[in-house]
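Please read the points below alongside the structure. They are meant for someone who has not looked at it before.

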Amino acid sequence: MAAAVLRHCWRGLLQNSGNGAVGTIRSKIFEGVRQKSTVQYISRPDHPKLAYRRVKGKSPGVVFLPVYGSNMSGQKAEALEEFCRSLGNAYLRFDYSGHGASEGVFSEGYIGTWKKDVLFMLDELAEGPQILVGSSMGGWLMLLAAIARPEKTKALVGISTAADHFVTAFNTLPIEVRKECEDKGVWTIPTKSNEEGMYTVSMDFLREAENHCILQSPIPITCPVRLIHGLKDEDVPWHISMQVAERVLSPDVDIILRRHGQHRMAEKDDIKLIVYTIDDLIDKLTTMV
């Protein structure tokens, strides 16, 4: 009963709080429950330790998969922990190897490396059915994990989903630019999403990423899928989310396009929408049980 009341409060606040949504939610619901999960580490044989934060709770749990080159301490990840804690649902967020507080070397990571990180955390720390929430590259990893662990994945929320993006973006470059990158062994990608204003990926990274591309054929995912993307995303085109929606086999797929949304989707109204979307899926999955 308490969870149902909290969910009702969340929906009322999300629908009526306007631009001050997150601040209003925190002041009205999270007063007195601001405790934060502590960073823990999990060891793996012959692999880097992974740093994570976890809130234990009921099912379905929520697992957050962050952006390439980022960490588990961003605004979206923090807001989702507060939300899950308020409802009593389990929540897990972590840093991929070479990211944030985890061990490993960032430049030595590949899509396959981080996919293994996700599957390991799902197998070892995520108990019961899960809603996977992936941001940018995390959205690509989310899809790969859902294919590999269908029995554990009960719903997906993609935020600026970057499925296949490194590979498809490189292949659209002029031939002479690609040749220059291949000669240098690296590709420098301009971005507004980090302080450096660019990402640098190796040709080895791109070649390995080709092994994980999923947009050339039907995607064997049948759980509910929600895809949120900003029309002003200058890093990952919104039509990638459209392609994902067209290819997943699930009959329950919604796309939400934010007119002024940018790549990181970290504005207050963006976070409000993400939380509402997850809340709706929790309600849906709980009702189905």
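1. Basis. This is a predicted model, in which local features need pLDDT of at least 70, side-chain atom pairs count only at pLDDT 80 or more, and totals for chains, interfaces and linings use all residues. Residues are numbered from 1 along each chain as its sequence is written, and side-chain values use heavy atoms, with hydrogens and water left out.

2. Overall make-up. The protein has 10 helices and 10 strands; these are DSSP runs (helices H or I, at least four residues; strands E, at least two), numbered from the N terminus. Of the 289 residues, 52% are buried. Here buried means under 20% relative accessible area, exposed over 50%, and partly exposed in between (1.4 Å probe, protein chains only). A contact is defined by heavy atoms within 4.5 Å. Among contacts between residues at least 6 apart in sequence, 72% join residues at least 24 apart.

3. Surface. The accessible surface of the protein is about 13,400 Å², and 51% of that belongs to carbon and sulfur atoms. Accessible areas come from the Shrake-Rupley method with a 1.4 Å probe; for residues, only the protein chains shown count as cover.

4. Salt bridges. The whole structure holds 15 salt bridges, each being a side-chain nitrogen of Lys or Arg within 4 Å of a carboxyl oxygen of Asp or Glu. One of these salt bridges joins Lys36 and Glu78 (3.0 Å, N to O). Lys36 lies in the loop between helix H2 (21–29) and strand E1 (40–44) and Glu78 in helix H3 (residues 75–87), so the pair ties together parts that are 42 residues apart in sequence. Lys36 is partly exposed at 46% relative accessibility, whereas Glu78 is buried at 19%.

5. Another pair. Arg44 and Asp117 form a salt bridge, with the closest N and O atoms 2.8 Å apart. The pair links strand E1, which holds Arg44, to helix H4 (residues 111–124), which holds Asp117, across 73 residues. Arg44 is buried at 10% relative accessibility, and Asp117 is buried at 1%.

6. Helix H9. Ile240, Ser241, Val244 and Ala245 of H9 are buried. They are on the same side of H9, because they cover an arc of only 145° around the axis; the arc is that of the directions from the helix axis to the C-beta atoms. The buried residues of H9 pack against helix H5 (137–148), helix H6 (165–171), strand E9 and strand E10 (253–258).

7. Nonpolar patch. Leu231, Trp238, Ile255 and Leu257 form a nonpolar patch on the surface, with about 300 Å² of accessible area together. Patches are made of residues with over 30% relative accessible area and no salt bridge: like charges are joined within 9 Å, nonpolar side chains (Val, Leu, Ile, Met, Phe, Trp, Tyr) within 5 Å. Leu231 sits in the loop between strand E9 (225–230) and helix H9 (239–247), and is partly exposed at 37% relative accessibility.

8. Cysteines. The search for disulfides, meaning pairs of cysteine sulfur atoms within 2.5 Å, finds 0 in the whole structure. Cys181 is buried at 9% relative accessible area, and Cys223 is buried at 10%.
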